[in-house]
Amino acid sequence: MKIQTKSNYGWLLLDSQRFNSILLDLQSSGLKVWDKDFNRFLHSQKVKIYAPVQDYLYDLKRAWDGIDHIGRLADCMPTDC
């Protein structure tokens, strides 16, 4: 198992080079897709916005217990501040 150490956790910016590489991979796998159609799809509401932290927080079923657990954890960490 590879541990992600980058601040982006393995997410990569979809620049034009990566876009073209994905498109070529799709085409070489037998899908008949054109760059115009692929671009239109990627920039549509068909692609769900992924925000894992917000999804987790809004999905919590229990009410907040009033304790600042994150602050308590942060207080355990040595800092120069």
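View 1. Leaving aside residues up to four places away in sequence, Leu23 touches Val33, Trp34, Asp35 and Phe38; contact means heavy atoms within 4.5 Å. Leu23 has a relative accessible area of 6% and is therefore buried. Buried means under 20% relative accessible area, exposed over 50%, and partly exposed in between (1.4 Å probe, protein chains only). Between Leu23 and Asn39 the C-alpha to C-alpha distance is 9.4 Å, with a separation of 16 residues in sequence. The model is predicted: local features need pLDDT of at least 70, side-chain atom pairs count only at pLDDT 80 or more, and totals for chains, interfaces and linings use all residues. Residues are numbered from 1 along each chain as its sequence is written, and side-chain values use heavy atoms, with hydrogens and water left out.

**View 2. The whole chain and its confidence.** Helices (H or I, at least four residues) and strands (E, at least two) are DSSP runs, numbered from the N terminus. Of the 81 residues in the chain, 6% are buried. The accessible surface is about 8500 Å², and carbon and sulfur atoms account for 59% of that surface; accessible areas come from the Shrake-Rupley method with a 1.4 Å probe, and for residues only the protein chains shown count as cover. Mean pLDDT is 84 for the chain, with 88% of residues at 70 or more; pLDDT is the predictor's confidence in each residue, from 0 to 100. Confidence is highest in α1, at a mean of 94, and lowest in α3, at 84. Where pLDDT is low, the predicted coordinates should not be read in detail.

**View 3. Helix α1 and the residue Gly30.** Helix α1 covers residues 16-28, 13 residues in total. From first C-alpha to last, α1 reaches 18 Å, close to the 18 Å expected at 1.5 Å a residue; the expected span is 1.5 Å times one less than the number of residues. Just after α1, Gly30 takes a positive phi of about 105°.

**View 4. Three salt bridges.** A salt bridge is a side-chain nitrogen of Lys or Arg within 4 Å of a carboxyl oxygen of Asp or Glu. Arg18 pairs with Asp15, and their closest N and O atoms are 3.9 Å apart. Arg18 counts as partly exposed because its relative accessibility is 32%, and Asp15 counts as partly exposed because its relative accessibility is 32%. A salt bridge also joins Asp37 and Arg40, at 3.0 Å from N to O. Both residues lie in helix α2 (residues 35-42), three residues apart, about one turn of the helix. Asp37 has a relative accessible area of 38% and so is partly exposed. In the salt bridge between Lys61 and Asp59, the closest N and O atoms are 3.8 Å apart. Lys61 and Asp59 are exposed.

**View 5. A nonpolar surface patch that includes Val53.** Val53, Tyr56, Leu57 and Leu60 make a nonpolar patch of about 420 Å². Patches are made of residues with over 30% relative accessible area and no salt bridge; like charges are joined within 9 Å, and nonpolar side chains (Val, Leu, Ile, Met, Phe, Trp, Tyr) within 5 Å. Val53 lies in helix α3 (residues 52-59). Val53 counts as exposed because its relative accessibility is 55%.
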